[in-house]
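Me: I am new to reading protein models. Could you walk me through one, feature by feature?

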Amino acid sequence: SVLPLLRGGLEAVSARAGWRRWIDLEHSKVYNETIHWSALTDGRTKYVFSAHDGSEQLFNLTADPGETFNLAGSDDTDVAAELAVWRARLAAHLAPRGERWVDAQGRLVAPRDNVLYGPNYPDTTPTTGDAMPAVDAAPSSSMTSEDTLIV
């Protein structure tokens, strides 16, 4: 039921119901080596980490829905604190995948090898870290349109 959401707001319901407070987005190397990133957004803020070179982007989607002004380069201490919060959230989110994603010190890894399949492909049993196949070459010609790629 959405009634608790209407009565208490998203923040109150999220913690109690186990709803995600943000969604994750990923784009793996497909047609360009430099377009390889992971991101989180709550609909108000979006944090993007480039697995190609370690660069970061932070957008205020309320004030800048077109994502035209990257706040990550700001000298503002409030922005730096917000950037650190989102960086830590993404690191915590990716940590179960292993040290190919987050190092032993809890830092996001770049450059990161390409991962062709999602962590649950082709099996429905979750896997993490080194259990996920790394693919450096082009996809096999045996792939079908039903195969899933992280994009």
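Reply: Let's start with E67, which lies in the loop between β4 (56-60) and α2 (77-94); helices (H or I, at least four residues) and strands (E, at least two) are DSSP runs numbered from the N terminus. This is a predicted model, where local features need pLDDT of at least 70, side-chain atom pairs count only at pLDDT 80 or more, and totals for chains, interfaces and linings use all residues. Residues are numbered from 1 along each chain as its sequence is written, and side-chain values use heavy atoms, leaving out hydrogens and water.

Me: What is the phi of E67 like, positive or negative?

Reply: E67 is not a glycine, yet its phi is positive, about 55°.

Me: Why does E67 count as partly exposed?

Reply: Buried means under 20% relative accessible area, exposed over 50%, and partly exposed in between (1.4 Å probe, protein chains only). E67 counts as partly exposed because its relative accessibility is 30%. Across the protein, 30% of the 151 residues count as buried.

Me: In what order do the elements run?

Reply: From the N terminus on, the order is α-β-β-β-β-α, giving two helices and four strands.

Me: Which charged end sits over the ring of W101?

Reply: A charge sits over a ring if NZ of Lys or CZ of Arg is within 6 Å of the ring centre and within 35 degrees of the ring normal. Here the charged end of R97 sits over the W101 ring, 4.5 Å from its centre. R89 also lies over a ring face, that of W86, at 4.5 Å from the ring centre.
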